[in-house]
Amino acid sequence: MENNHAGIQTIYKRCTPKVVHMILANSGSEDDAYDIFQESLVDIYHMARDRDFQLGTSIESFMLLVSKRKWLNVLKKRKGVEVTNAEESLSNSVDDSMEAYEAHLQQVDKENLLMEQLMTLGERCQEIIRQCMNSKNQEKIAEMLGVSYAYLRKKKSECMAKLGEKLRNHPFFKMNRS
């Protein structure tokens with residue numbers, strides 16, 4: 001990931017006013033807002049750098065989502081501070097959004113694990129599964145790989161069974177089944 005000064009400036013221009021407004025409307029100060037914004041920006045940077053992260057929404061929506069979650073955590077820690085009624089609606093909308101966000105992160109973890117386990121299979125299995133992930137036309141895949149359609153289907157089935165077994169036996173999936 002490159003440092004992109006223009007991109008960061010755009011994020012600041014587009015997102016800061018929304019984050020500041022949300023925090024000011026929910027018992028926060030400008031200082032709180034700028035702190036939350038900075039922390040959220042750093043978190044998003046780390047997600048983008050450390051994961052196979054693809055933003056599925058606008059940067060403004062995602063920044064606001066992460067900032068809301070961080071601000072709710074601050075409000076919970078400050079239990080003695082009176083909060084506006086907006087906190088309740090903020091909490092409800094953030095909880096729904098956060099569930100989707102957390103589900104997205106869990107999906108990314110699953111996909112990363114899938115790719116990691118795929119790499120433990122033989123080269124031919126890797127090639128067949130990758131080709132089938134990229135294209136639904138198995139007849140063309142068979143032709144491209146120089147094998148018969150029947151062989152491709154049989155081999156794909158065997159490879160997917162091996163991959164499925166590896167995934168079922170992985171601690172991540174065992175832990176999430178219970």
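Trainee: What is the relative accessible area of Asp35?

Mentor: Asp35 comes out at 45%, so it counts as partly exposed. Buried means under 20% relative accessible area, exposed means over 50%, and partly exposed lies in between (1.4 Å probe, protein chains only). The areas come from the Shrake-Rupley method with that 1.4 Å probe, and for residues only the protein chains shown count as cover. Before you go on, note that this is a predicted model, where local features need pLDDT of at least 70, side-chain atom pairs count only at pLDDT 80 or more, and totals for chains, interfaces and linings use all residues. Residues are numbered from 1 along each chain as its sequence is written, while side-chain values use heavy atoms, leaving out hydrogens and water.

Trainee: Which helix holds Asp35, and which residues form the negative surface patch?

Mentor: Asp35 sits in helix H2, residues 30–50. The negative patch is made by Asp35 together with Glu30, Asp31 and Glu39. Patch members have over 30% relative accessible area and no salt bridge; like charges are joined within 9 Å, and nonpolar side chains (Val, Leu, Ile, Met, Phe, Trp, Tyr) within 5 Å. Asp and Glu count as negative, Lys and Arg as positive, with His and the chain ends not counted; a charge is placed at CG of Asp, CD of Glu, NZ of Lys or CZ of Arg.

Trainee: How many helices and strands does the protein chain have?

Mentor: Eight helices and zero strands, so the helices and strands being DSSP runs, helices are H or I with at least four residues, strands are E with at least two, and numbering starts at the N terminus. Along the sequence the pattern reads α-α-α-α-α-α-α-α. Of the chain's 178 residues, 34% count as buried.

Trainee: How many salt bridges does a search of the whole structure find?

Mentor: Side chains of opposite charge can pair when their charged atoms come close. The cut-off here is a side-chain nitrogen of Lys or Arg within 4 Å of a carboxyl oxygen of Asp or Glu. The search finds five. One of them joins Glu127 to Arg124, with the closest N and O atoms 3.3 Å apart. Both lie in helix H5, three residues apart, or about one turn of the helix. Glu127 is partly exposed at 35%, and Arg124 is partly exposed at 30%.

Trainee: Which residue meets Glu158 in a salt bridge?

Mentor: Lys154, at 3.0 Å from N to O. Lys154 is exposed at 54%, whereas Glu158 is partly exposed at 34%. Helix H7 also holds Glu165 and Arg168, three residues apart, whose side chains form a salt bridge of 3.1 Å, N to O. Glu165 has 39% relative accessibility and Arg168 has 44%.

Trainee: Which cysteines does the disulfide join?

Mentor: The whole structure has one, joining Cys125 to Cys159 with an S to S distance of 2.0 Å. Cys125 in helix H5 (residues 123–134) and Cys159 in helix H7 (residues 149–169) are 34 residues apart, so the pair links distant parts of the chain. The torsion about the S-S bond is about -75 degrees, which makes the disulfide left-handed. Both cysteines, Cys125 and Cys159, are buried.

Methods:
Disulfide = S-S within 2.5 Å.
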